[in-house]
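Please look through the model below with the following numbered points at hand.

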Amino acid sequence: MPRGYMQPPALPREDINALGVKYRRIPIMSIGRDVYCDTRLIIQKLEERFPTGALSAIQADKRALENLLEKWTIDGGVFVRATQLIPPEMPLLNDSKWVKDREDFMGRSWAKADITRARPEAIAHMRDMFDLVESTILADGRAWVLDTKGPSLADINAIWPLHWLVSMQGALPQSLFGKERFPKVYAWLDRFDKAVKDSKQSAPKVTTLKGAEAIQYITQAEFIEPEGSVDAEDPLGLEKGQYVESWPIDSGFGHRDSGQLVALTRQEVVLKTQAKIGHRDIHIHQPRTNFRIQAVGGAKL
């Protein structure tokens, strides 16, 4: 049965800290005492664990587009430009605590004057993305990115920054981003909303936990994944059992997780740390993409 617990939009997040996890982005996912950071890795693990409901492509050419869309929206600057389109009038920008938290997260100014200054350039870049989807990906009238019967992972990879901005009042000037300019994009967004609504109706009900309940549930569980190995050919030259740090380098980079190196593959790094409550070992899983891993003091545990 899926269980969830909500986190505050800004630090501190005491429940996550109690698990011994310093990674600051949300959401995170735990299955047993395995804690997964970064949405890309979370999706990958869900696809592997629940293959009957998997949304990823099977054919190599479709997987290529799926992966390229993921890298474009996250690594190619689309998300960064989207954050620059948060309206300066947004009430949260009057909250100095929230603004400071965003600056810590992104590593740049969130002052209203700086947001206003960056806005025209961000609009130009986002209009290019809308146009690419309208005039190429959906140009032949297909309902979904990979011409599937329903939404696939490729749709999710491409749609989320557009969906976020369209749902945020004042983010996009209607004179440049109206439905009459991008009818295929807006029809795609509407289909996606309906598909999500239908899926929620048939999905298992999520039990909402309080923080203390979630911590207890996680720390009293067992590990769900067998302990992996460290790739002997990995260019970092790290060894199993070595004490290391791992942290994202694109955002949230001021918060580093550290622990014993349990596994290192081309796709992920796994560290062993200890929960502050219950003092049981926790395995923190993080992806390799846009994460840095380095030895700490050269020690092995």
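1. Asp281 is partly exposed, at 27% relative accessible area, and Lys272 is partly exposed at 26%. The side chains of Lys272 and Asp281 meet in a salt bridge, 4.0 Å from N to O. A salt bridge here is a side-chain nitrogen of Lys or Arg within 4 Å of a carboxyl oxygen of Asp or Glu.

2. The model is predicted, and local features need pLDDT of at least 70, side-chain atom pairs count only at pLDDT 80 or more, and totals for chains, interfaces and linings use all residues. Residues are numbered from 1 along each chain as its sequence is written, and side-chain values use heavy atoms, with hydrogens and water left out.

3. How many salt bridges does a search of the whole structure find? The search finds 20. One joins Arg117 to Asp114, with the closest N and O atoms 2.5 Å apart. These two residues are three apart in helix 6 (residues 112–137), so about one helical turn separates them. Arg117 is exposed at 59% relative accessibility, while Asp114 is partly exposed at 29%. Helices (H or I, at least four residues) and strands (E, at least two) are DSSP runs, numbered from the N terminus.

4. Lys45 and Glu268 also meet in a salt bridge, at 2.7 Å from N to O. This pair links distant parts of the chain, with Lys45 in helix 2 and Glu268 in strand 7 (residues 268–274), 223 residues apart. Are Lys45 and Glu268 buried or exposed? Both residues are buried. Elsewhere, a network of salt bridges links Arg25, Asp38, Arg40, Glu70, Asp75 and Asp250.

5. The second largest pocket has a volume of about 560 Å³. On a 1 Å grid over the protein atoms alone, a pocket is an open set of points where a 1.4 Å probe fits, with protein on both sides within 12 Å along at least five of seven lines; lining residues have an atom within 4 Å of a point. The volume is the space filled by probe spheres set on the points, which are joined across faces, edges and corners. This pocket is lined by 21 residues, and Arg40, Gln44, Asn67, Glu70 and Gln267 lie nearest its centre. Helix 2 gives the largest share of the lining, six residues.

6. Rings of Phe, Tyr and Trp (its six-membered ring) pair if their centres lie within 6.5 Å; planes under 30 degrees apart are stacked, over 60 edge-to-face, and the rest tilted. The count comes to seven aromatic pairs. Tyr23 and Phe291 are stacked, at 6.2 Å centre to centre and 20 degrees between the planes. Tyr23 lies in the loop between helix 1 (14–18) and strand 2 (28–31), and Phe291 in strand 9 (residues 291–300), 268 residues apart. Tyr23 is buried at 4%, and Phe291 is buried at 8%.

7. Phe177 and Phe182 form a tilted pair, 6.3 Å centre to centre with 35 degrees between the planes. Phe177 is buried at 0% relative accessible area, and Phe182 is buried at 6%. Ring pairs also link Phe79, Trp160 and Trp164 into a cluster.

Note on methods: Buried < 20%, exposed > 50% of the residue type's maximum accessible area, 1.4 Å probe, protein only.
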